[in-house]
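Subject: Structure handover, salt bridges

Dear colleague,

Here is the structure for your files. My notes on its salt bridges follow below.

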Amino acid sequence: MSKLEEWRKAQGISYYNLGLKLGYKGINPAANTARICLTGSNKYWRFPKPSILKKIRDLTNKSVSYEDLVNDYLQAKK
């Protein structure tokens, strides 16, 4: 489980609401958010764009760092 997914569960935030806070728009912000949160899983993963990385860092008060997201992504790419 990725560090962002752990943070999301601890905060009790849905994928949809987290997606809105990260600025995702469209029909279903939850889909993009879930792919980022589930990075590290073999089936679902996506590395966020730099603007989203900054929003994640700011939203989590730096409890989820760039390094955490990169490590989760690299783990998924194995």
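Asp-58 and Lys-54 sit four residues apart in helix H4 (residues 50–59), about one turn of the helix; helices here are DSSP runs of H or I with at least four residues, numbered from the N terminus. This is a predicted model, in which local features need pLDDT of at least 70 and side-chain atom pairs count only at pLDDT 80 or more, while totals for chains, interfaces and linings use all residues. Residues are numbered from 1 along each chain as its sequence is written, and side-chain values use heavy atoms, with hydrogens and water left out.

The side chains of Asp-58 and Lys-54 form a salt bridge, at 3.0 Å from N to O. The term means a side-chain nitrogen of Lys or Arg within 4 Å of a carboxyl oxygen of Asp or Glu. Asp-58 also forms a salt bridge with Arg-57, where the closest N and O atoms are 3.5 Å apart.

Asp-58 is partly exposed at 40% relative accessibility, as is Lys-54 at 42%. Arg-57 is partly exposed too, with a relative accessible area of 23%. The classes are buried under 20% relative accessible area, exposed over 50% and partly exposed in between, with a 1.4 Å probe and protein chains only.

In helix H1 (residues 3–11), Glu-5 and Arg-8 are three residues apart, again about one turn of the helix. Their salt bridge has its closest N and O atoms at 3.0 Å. Glu-5 is buried, with a relative accessible area of 3%, and Arg-8 is buried at 10%. Salt bridges link Glu-5, Arg-8 and Lys-9 in a network.

In total, the structure holds four salt bridges.

Regards

Notes: Helices (H or I, at least four residues) and strands (E, at least two) are DSSP runs, numbered from the N terminus.
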